[in-house]
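This report describes a few local features of one protein model.

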Amino acid sequence: MVKFSHGCWHPAPDTIIDWAVEVVKAEAKEGHLHFVTCSKPINHRGDTLNNPTLTHHLSSPFDDVFYLSSTHWKGQRSVCVGPHFDLFPAGQPTHTTAVKTSKADNELKLSIGDLEASVNTAPKSFSLDFTHDSQTITSLGWRSIGYVKQNTTALHPKANYTDPSKGERWTTYQLSLSVGEKIYGLGERFGPFVKNGQSVDLWNDDGGTGSELTYKNIPFFLSSAGYGVFIPTSSLVSLEIQSERTTRINIAVPGESMSIYLIYGPSPKDILVKYSLITGRPALPPAWTFGLWLTTSFTTDYDEDTVNIFLDGMKERDIPVSVFHYDCFWMRGFQWCDFEFDQEFFPDAAGQLKRLKDRGQHVCVWINPYIAQESKLFDEGAEKGYFVTRSDGSVWQYDFWQAGMAFVDFTNPEACRWYQSRLKGLLDMGVDSFKTDFGERIPTGDTVYFDGSDPHKMHNYYAYLYNKVTFEVLEQSFGKNNAALFARSATAGCQRFPVHWGGDPYSTFPAMAETLRGGLSLAMSGFGYWAHDIGGFEGNPNPALFKRWVAFGLFSSHSRLHGSGSFRVPWLVDPTEEASRVLSHFVSWKHRLMPYLYAQALATHRTGIPMLRSSLLEFPMDPTAWYLDAQYFLGESLLVAPVFNTEGDVTYYIPKGKWYGLLDEKIREGPGYVTERHDFFSLPVLLRPGRAVVLGHPDLSKEKITYPWAEGVTIVINPAENMNEIVEIPDHENIGEIQAKISIKFESNFVKVSILEGKFESDAKVQVVGGQSGELKHGVLEMKIEIP
């Protein structure tokens, strides 16, 4: 955490800040503004000497978005050398509203419709204001843009030219915060959901879920004032959010330059949609990934018999498993990664995978981007230059994790192809997915990359390259909409390569709650699909915790049973077998919800709006929604409130209207808080007023997550005044396409259901909350149901 000031008046000790105080050059060019600020006021010509400047560029890449950059010395490595984020992967949108620039006495302006940025160019009065319809969004006012020197030789010319590299140099923006303004996002953060008052360093690290460290640091935040900010650097970014200056969010980046995209919404959903145009939208995961994942856990002992016993046990208990995952020890210890099954425990790996596939399982295996010294691949990689090196040309090796391990250099195209070839061999054997673990502890000291990348910028960016390389080989092998990872580390853009899971929580109720906070923050940073270790990773969950976490986990987009030193099959956690029945119950519910869930997944893929949604995304006009971090929406229509205790007590908030309990068939009326007690087979899952969900047929959905989603369905409708809802049912065979589109309207005490496109494969039941039920006969396009 970096604080440059000591109160409002003085810099921190040994700190010099060259603030932008006066504009000395102002140009309104076609499509952008160019202006230069000095750090000392100009009273006479002599003040143009010994007066450091910042050069600024202000433009608009597309509607409702500003791009601002500020540079001290543009010829420096920190400015010129990458890596740089892969922005606008689907192409940069064109403006629908003309960008206008102008220059007047004491002012530069850039406008896009009602959105405007104005630079005060009057002497000694520099400021930059962002407004919409003349209302301030945020601003960079007095002492808000600066170049910072800490413990440097900047005060003396000889000392400066003889020891120019001493100390640290930063560029900072300090955006104003309005009264009551709240900040969200910045990646997967397990502390308070509202970020005000926090100091945040965006630096990937492997630190579990119970500290300020996190695996997924995303340089993007969203404000309740109707805007978001993306800082397009993979370098360390340090933020003080009302923690240094109580009316500002201070952003600092090491080096000579920084920039931001300021994204106007005004709604939180609008902001995320536009942010996803810049950094990319999530790929669509295949439908089978939404089923239950069962793993070997981490340090447990297992072989093929163990796997079969677990899968047979799940089948006997009516718990369908979609994916079986082999964690680290599918490979021999001290040899990670050699991408070969340990012959001692898996003498017939190819045959074993075939036997799993024959019983309908998809298969995932654990990998990381490191090659241990004992791996048979180490010598080849070292000889061919496929590893990150030190400045003397030797391989950069490390003993934390696998002894003597090297780091694959994903900036080397040949190294990428080499790594992918090893993965392709596993895909040919029958593997369907990779758990891309690790990628956080990436070296920065005495580090050299093939393409000359700055190692400090590569530290966070490494996760992007690692997951991109792995996702590409899956997509090349299986095709679009059929590739999925299970990834831990991330930076901006990694949302394009789903799925992501929340790391290593303890097996406690507080860790369960912090896991949700991490997921909500990640979702507010543009990540579409999310999972977590049901029951926690570290420790052994007691039966009550496990059963509560099962309910939470199955009402997440992706669901995985995984632990560290113990297996997570339910009968070993709870010998009474109640946990087995609870798991079977909630897996059944998730399977039936697949027509709804996959429709929401398609919407996430199309728009960038995540499946896991904080209440503020759905109800931004409700002030209470901005504080809720122990409940969430799964898609746009279902409110979920996990139970974080043994007893089953839960208090949650519902906005205005009548909310229908999908599991208990009870109605709650808001706005207000509700306190309830739930047994282990229940939790609050509420259908929003004026919305509908489609449930698959219970017989068809019993064994598989992928089944005819438009056959024998039940449409559950919670009518509300002026309801006009469009519901889509995805095609289970042609993934990414829609099989049927339904219109549901509430008019004059009647619910009207109409098929707009496509068809059902059979009769559809229509269940109206508070009214009668009916059937939409096969081939009939419209029906009405009266509400008494």
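In this predicted model, helix α4 (residues 304-316) packs with helix α5 (residues 349-358) at an angle of about 10°, and their axes are 11 Å apart. The angle is under 35 degrees, so α4 is roughly parallel to α5. On the α4 side, the residues that meet α5 are Glu304, Val307 and Leu311; on the α5 side they are Gln352, Arg355 and Leu356. Sorted by class, this contact of α4 with α5 has three nonpolar, two charged and one polar residue.

| Residue | Strand | Relative accessible area |
|---|---|---|
| Isoleucine 263 | β21 (residues 257-264) | 0% |
| Serine 139 | β12 (residues 135-140) | 14% |

Isoleucine 263 is buried, because its relative accessible area of 0% is under 20%. Leaving out residues up to four places away in sequence, isoleucine 263 touches Asp64, Val65, Phe220, Gly226, Tyr227, Gly228, Ile271, Lys274, Tyr275 and Ile278. Tyrosine 386 is 123 residues from isoleucine 263 in sequence, and the C-alpha to C-alpha distance between them is 39 Å.

Is serine 139 buried or exposed? With a relative accessibility of 14%, serine 139 counts as buried, because the value is under 20%. Neighbours within four places in sequence aside, the contacts of serine 139 are Leu128, Asp129, Gln174, Leu175 and Ser176.

How values were computed
Residues numbered from 1 in each chain as written. Predicted model: local features only at pLDDT ≥ 70, side-chain atom pairs only at ≥ 80, totals over all residues. Heavy atoms only, no water. Helix = DSSP H or I, 4+ residues; strand = E, 2+ residues; numbered from the N terminus. Buried < 20%, exposed > 50% of the residue type's maximum accessible area, 1.4 Å probe, protein only. Contact = heavy atoms within 4.5 Å. Axes fitted to C-alpha atoms, helices over the stretch in contact; angles between N-to-C directions. Parallel < 35°, antiparallel > 145°, perpendicular 65-115°, else oblique. Nonpolar A, V, L, I, M, F, W, Y, C, P; charged D, E, K, R; others polar.
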